[in-house]
Amino acid sequence: MTEPTVYELSSPGRVGFKFPEPDVEEVALPIGFEREDLPLPEMSELEVVRHFTRLSQKNYAIDLGFYPLGSCTMKYNPKINEVAARLPGFAYTHPLQPEESVQGNLYLMYTLQEWLKEIGGFAGVTLMPAAGAQGEFTGALMIRKYHLDHGQPQRKRILIPDSAHGTNPATSAMIGLEVVPLPSDERGNIDLEALKLLVDDRLAGLMLTNPNTLGLFDENVQEVIRVVHEAGGLVYGDGANMNALLGVLRPGDIGIDVLHYNLHKTFSTPHGGGGPGSGPVAVNEKLLPYLPDCVVTIVEPGDDENPPLFGFYHPEKSIGRLKSFYGHFGVMVRAYAYIAMHSGAGLRDIAEKAVLNANYLMHKLKETYTLPYDRTCMHEFVLEGFWKDIPDVHAFDIAKRLMDFDFHPPTNYFPLIVKEALMIEPTETETLETLDRFVDVMIQIAEEARTNPQLLHDAPHNTPVRRADELKAAKELVVCCYPLEELQK
Amino acid sequence: MLKTIGVEKIEDLFDKLPEDFRFPDLKLPPQQTEMEIAADLDEISSSNGSTKELISFLGAGAYDHYTPAAVDNLLQRGEFYTAYTPYQPEISQGTLQAIFEYQSMIGQLTGMSVSNASHYDGATACAEAVIMAYHHFRGKRHKVLLSRALNPQYRQVVRTYMQGNPDLTITGDEQAVGIDADLKNFTALIDNDTAVVIVQYPDFFGRVINYKPLIEAAHAQGALVAVAVNPTALALLTPPGEIGADIVVGEGQPLGIPLSYGGPYLGFFAVNEELIRKISGRLVGQTTDVQGQLAYVLTLTAREQHIRREKATSNICSNQGLMMLASTIYLTLLGKQGFKQVANLCYQKAHYAASQINAITGYSQVFSETPFFHEFVIKAPVNTEHLLLDLRGYDILGGYDLSHDYPELKNCLLIAVTEKMPRENIDFLHDTLLEVTHD
């Protein structure tokens, strides 16, 4: 059933929330600036609560079911994290309070920096980036600044594997780097021979996602890094897939120079329907001086009686400030709680179970669906959602049909190097029963594709809305409750 | 499961990883249970002084407003906060419709035609405005003018974002150009090489300035104008859209989002109709499904990084989903009347506070000739660093010391007052200032 918009639900004079009357003498509003009309809805509190509750019921979410969305790490978000972020001592601190009055916040941020250094094998961490994409931007800027600082302004080429996330090239282009695509070989690794031909003194660096978006660990990663370093380039690690490596391998140990984490993937902070993310960036010694402004540090060491005093420092050659204040603090609190509850052994357990679950699904499904790269996967794997003998059934149809069985579809049509890709990431938090049920459904859908393909073409059948006309949306561009013409009047 | 996969032990799944570095022994503190971490975080958080106990006059970009209980209650529905980006419209209509309603309300509030689904915060929204303007002119205009009365952190972020564009000059905020409310020097800098001019409304000092002449001057040179706004103020003040702004950005934190030590917040971003296809970030549009039923989808996605890759103008691939939802619920709940009420309370209490402090011998309101909203500048007769320390002894956070960013405003404090500040606390600030200054 269609839910009316807040403007349609509005009724003149209705009030949802009342503030107290002013307790001071009132003065006039500034002349010449008075607003004539404030077109906001008018609803009672109950109407507002019902409206948004009904909207929530039109969403699929981790709390409702299995969400094997590749590359997004849709794991369970523990409830304690939500409680923690809302503690008044955290939620009600103003970012410009004097440092002495927010030692708890600074202690937490400092400790999280230390933990992320340890988990990734790095020398420094900034918590400031607002999301993975901003983390990439931070890393790419630092690489660029490093080369400029070393008298190598011509180093502007950044190598990006063809399997990379779209943000990698977009980020590089934003800061004026020249994007050079790097092909994969038949095992899904970076093509080493191609790499060697592309490195020279114009090389700024390589953006490496490992495990890559095929879910495969690059078997030659140490050689790849060596080639880039020998040519004077730096290696950026896209940490979107860190869930596979927690407690298993530290990217810093194998020579990655800079890496971003996605706290909203690996460290279980909720995706929030599209954000907020948080993309801390870890660096080795080479890039320490370029970290964004500012980093939490110990300004006065403690002793037996006094705790240390925490504060900020400004890295000497910093790339500057990325956003207001210090980053998504509320997200940091959640990640802190998550890491504290797992510690070293628990983190390793996460990676092991995530990889185990993915390999289990891959083996169960590879007889029915084409597996283009048939080797041990990490936390995710990519199938072809397409059969040569049923050319009119596409990955898109399989994805939509999954919704009829109360599953969220896998990522589809990414990575681009696999035809009709279905990218499946089960995460560590799912039970064997859930995985088996998913396998059964996937096999059933493959059968339906042959026996009754219309079922797939028409899917989904039971969702709040059915397949939507995206062309119409782009053509008519109705992007607010009032059509543009009416707004212009 | 191992048998199905065909390996003996779980470690075998990792045998292609560099052997020398496999399974490091992470030096992390011992594992805690939920009960232990809950106690631990209680202790860490309570070692902070918060605006719950302290009397805070801090603003400068983040404001201590009351959030109605229903906002966070709805936000905590797992269907909202444990959902991903609404790429699958059939099972994301809740998020999509909420974004559509958000876009509508931001459009109405700012007086603009189109709002996107949000950026990270007010500062990065400013940077995205500069990027958009740069591409709007296809890189042929090389100057960006930032007002010196634009939040200093926003200006820093714009510079960080644009450092890869050496052919772009970012200027206008030098001390020599000044902070006069008449904007004479600043307006004189606009020329036909200017891509965008960015001003703040109310500005960083809380002043309400008529930007109409500036916007006309900019348009005469073909330049775009972006106005960074405080959304609460727009409940009372003429929206920038009505005086010709091309882009309106701002920090959405005042709309029901906790202070939370600086984030996560919400960057809103709205443009006039002409710029709709140049806007970066997510956008939700209305359409119909195969049965003719009304539906919402992400639209114009061809602009975005996952399709255009290196040809995209922005790399953004999240929005502040949950914060956007908080602001949507907040604006709906307060509605036409409540939102005006909260803005008026801020305005009235701030004016009371300004007049009280201004009456103390030695203290004077700077820019007293210019109207202001809920933030104002006070020049103190003493060193403000010491003064703020003294006030802290009385559990007062006495505002933001402007001397950090503005040498010309030595010993000046930026004081913010919201609806949460009772008159007694304003009087207490007055009495305490009197005491610590004149005793």
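**Exercise 1. Describe the open sheet of chain A: give the order of its strands, name the strands at its edges, and state which helix packs on it.**

Solution. In this predicted model, chain A holds an open sheet of seven strands, which follow one another in the order β1-β7-β6-β5-β4-β2-β3 with mixed pairing. The edges are formed by β1 (124-126) and β3 (178-182) of chain A, each of which pairs on one side only. Taking the average and ignoring direction, neighbouring strands of this sheet are turned by 20 degrees against each other. Helix α5(A) packs on the sheet, where it touches β1, β6 and β7 of chain A, and the direction of α5(A) makes about 125 degrees with that of β1(A).

**Exercise 2. Work out in which sense β6 and β7 of chain A pair, and find the bridge partner of A:L259.**

Solution. Strand β6 (residues 258-261) and strand β7 (residues 281-283) of chain A are joined by three bridges, and their pairing is antiparallel.

**Exercise 3. Describe the side of chain A that touches chain B.**

Solution. The contact takes 162 residues from chain A and 159 residues from chain B. On the side of chain A, helix α10 (residues 329-365) gives the most, with 20 residues. Sorted by kind, the residues on this side of chain A divide into 90 nonpolar, 45 polar and 27 charged.

**Exercise 4. Explain why the radius of gyration of chain B agrees with that of a compact globule, and describe the chain as a whole.**

Solution. A compact globule of 439 residues would have a radius of gyration near 22 Å, and because chain B has 25 Å, the two agree. Along the principal axes, the C-alpha atoms of chain B fill a box of roughly 85 × 60 × 50 Å. Chain B contains 13 helices and 15 strands, and 60% of its 439 residues count as buried. Finally, among contacts in chain B between residues at least 6 apart in sequence, 72% join residues at least 24 apart.

Methods. Residues numbered from 1 in each chain as written. Chains lettered and ligands numbered in written order. Predicted model: local features only at pLDDT ≥ 70, side-chain atom pairs only at ≥ 80, totals over all residues. Pairing = 2+ DSSP bridges. Helix = DSSP H or I, 4+ residues; strand = E, 2+ residues; numbered from the N terminus. Axes fitted to C-alpha atoms, helices over the stretch in contact; angles between N-to-C directions. Contact = placed C-beta atoms within 7 Å. Nonpolar A, V, L, I, M, F, W, Y, C, P; charged D, E, K, R; others polar. Rg over C-alpha atoms; globule rule 2.2 N^0.38 Å. Buried ≥ 20, exposed ≤ 12 C-beta atoms within 10 Å, placed from the backbone.
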